[in-house]
Amino acid sequence: MANKFVKNSGNGGQSFLSELKGLLNDASSLDIAVSYLQVSGWLLLEPLLTKLKPKNIRLLFTDQMSITQPEALRLALKCGVHVRNYKGKRTYHPKIYLLYDDKGKPKTALIGSANISGSGLQSGIEAGVLCSEHEVIYGLENWFDGLFEDKNQAVDVDQDFIKKYKESWKKVASSRIKVRQTAKKSAPKPSAEPSPSPEDLESLEDIFSTISIPIGILGIDHARNNVRTLARLLSVLKKYPKSAYEFIVKE
């Protein structure tokens with residue numbers, strides 16, 4: 001297969017997600033190296049992974065900057081995926097999806113800018129390339145194995161890891177939302193209702209990713225501050241009632 005340019009068309013056409021869907025039809029295993037994963041992306045990707053045995057899926061992410069959502073990690077573990085966290089000192093910033101044939105040999109790699117998020121896999125402006133060149137994909141296999149199996153740089157993710165990480169993530173996520181709200185207050189008000197900004201959508205996702213079913217608990221702040229968290233959520237919904245409703249329904 002010749003190299004192929006990949007993008008998210010944004011109109012229901014080509015996307016990183018649609019390319020992965022086609023590639024997984026005849027794949028036996030998958031290695032994923034991304035900076036972070038979010039609930040919106042995992043819910044898009046998870047249905048495609050049912051074609052593979054969970055033990056044949058390896059995922060290496062990082063908790064750097066606390067962008068990865070704890071709920072996304074919980075969902076990945078629930079599926080049986082082998083998840084490891086890069087904890088090395090260097091900045092971890094790859095976006096690689098490496099697929100293997102039924103003999104366990106690497107066959108194709110999707111290399112680009114897409115993390116496991118709704119924006120990365122489907123709606124955002126992203127660019128990448130599908131490659132099956134022998135030298136490249138075998139190089140990627142060795143590179144991934146070197147990181148994933150290095151116990152000095154990567155650690156297994158389990159429920160205890162998620163519990164500890166969630167505490168630090170709450171603080172950072174709460175700060176991010178407050179910064180976005182402050183920036184919005186100082187920005188000039190548009191004459192007509194615009195579409196939600198990426199910052200507003202990220203605020204919604206950070207908040208909704210803390211809601212557990214069947215009991216919803218807004219856990220971004222401590223319990224005594226949940227009212228403020230809810231107020232920030234409602235402020236976004238109030239500004240963009242139609243678009244925000246579509247976001248919620250889609251998710």
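Visitor: Of the contacts in the protein chain with a separation of 6 or more, what share comes from residues 24 or more positions apart?
Guide: That share is 75%. Bear in mind that this is a predicted model.

Visitor: OK. What secondary structure does the chain have?
Guide: Nine helices and eight strands.

Visitor: How are the strands arranged in the sheet?
Guide: Eight strands form an open sheet with mixed pairing. Their order is 1-7-6-5-2-3-4-8.

Visitor: Which strands stand at the edges?
Guide: Strand 1 (4–7) and strand 8 (154–156). Each has a single partner strand, so one side of each has no neighbour in the sheet.

Visitor: Take strand 5 and strand 6. Do they pair in the parallel or the antiparallel sense?
Guide: Antiparallel, over five bridges. Strand 6 covers residues 106–112. In that strand, Ile111 stands opposite Ile96.

Visitor: What holds paired strands together in general?
Guide: Strands of a sheet pair through backbone hydrogen bonds.

Visitor: New topic. How many residues are in the largest nonpolar core?
Guide: It has 40 residues. Those with the most contacts inside it are Trp42, Leu45, Leu59, Val83, Tyr97 and Ile116.

Visitor: Which elements give two or more residues to this core?
Guide: The helices are helix 1 (16–23), helix 2 (39–49), helix 3 (70–78) and helix 6 (159–186). The strands are strand 2 (29–34), strand 3 (57–62) and strand 5 (95–100).

Visitor: What is Val83 in contact with?
Guide: Leaving aside neighbours within four places in sequence, Val83 contacts Leu59, Phe61, Leu73, Ala76, Leu77, Val155, Asp156 and Val157.

Visitor: Which residues does the second core include?
Guide: Ala33, Leu60, Leu140 and Phe148 are among them. This separate core has 14 residues.

Visitor: How much of the chain counts as buried?
Guide: 46% of its 251 residues. The accessible surface of the chain is about 13,500 Å². Carbon and sulfur atoms account for 56% of that surface.

Visitor: Now Met65. Where does it lie?
Guide: Met65 is in the loop between strand 3 and helix 3. Its phi is positive, about 65°, although Met65 is not a glycine.

Visitor: Is Met65 buried or exposed?
Guide: Exposed, because its relative accessibility is 64% and the cut-off for exposed is over 50%.

Visitor: What about Ser66: buried or exposed?
Guide: Ser66 is buried, with a relative accessible area of 9%. Ser66 sits in the loop between strand 3 and helix 3. Its phi is also positive, near 50°.

Definitions and conventions. Residues numbered from 1 in each chain as written. Predicted model: local features only at pLDDT ≥ 70, side-chain atom pairs only at ≥ 80, totals over all residues. Heavy atoms only, no water. Core = buried A, V, L, I, M, F, W, Y, C linked by side-chain atoms within 4.5 Å. Buried < 20%, exposed > 50% of the residue type's maximum accessible area, 1.4 Å probe, protein only. Helix = DSSP H or I, 4+ residues; strand = E, 2+ residues; numbered from the N terminus. Contact = heavy atoms within 4.5 Å. Areas by Shrake-Rupley, 256 points an atom, 1.4 Å probe, with all protein chains shown as cover. Pairing = 2+ DSSP bridges.
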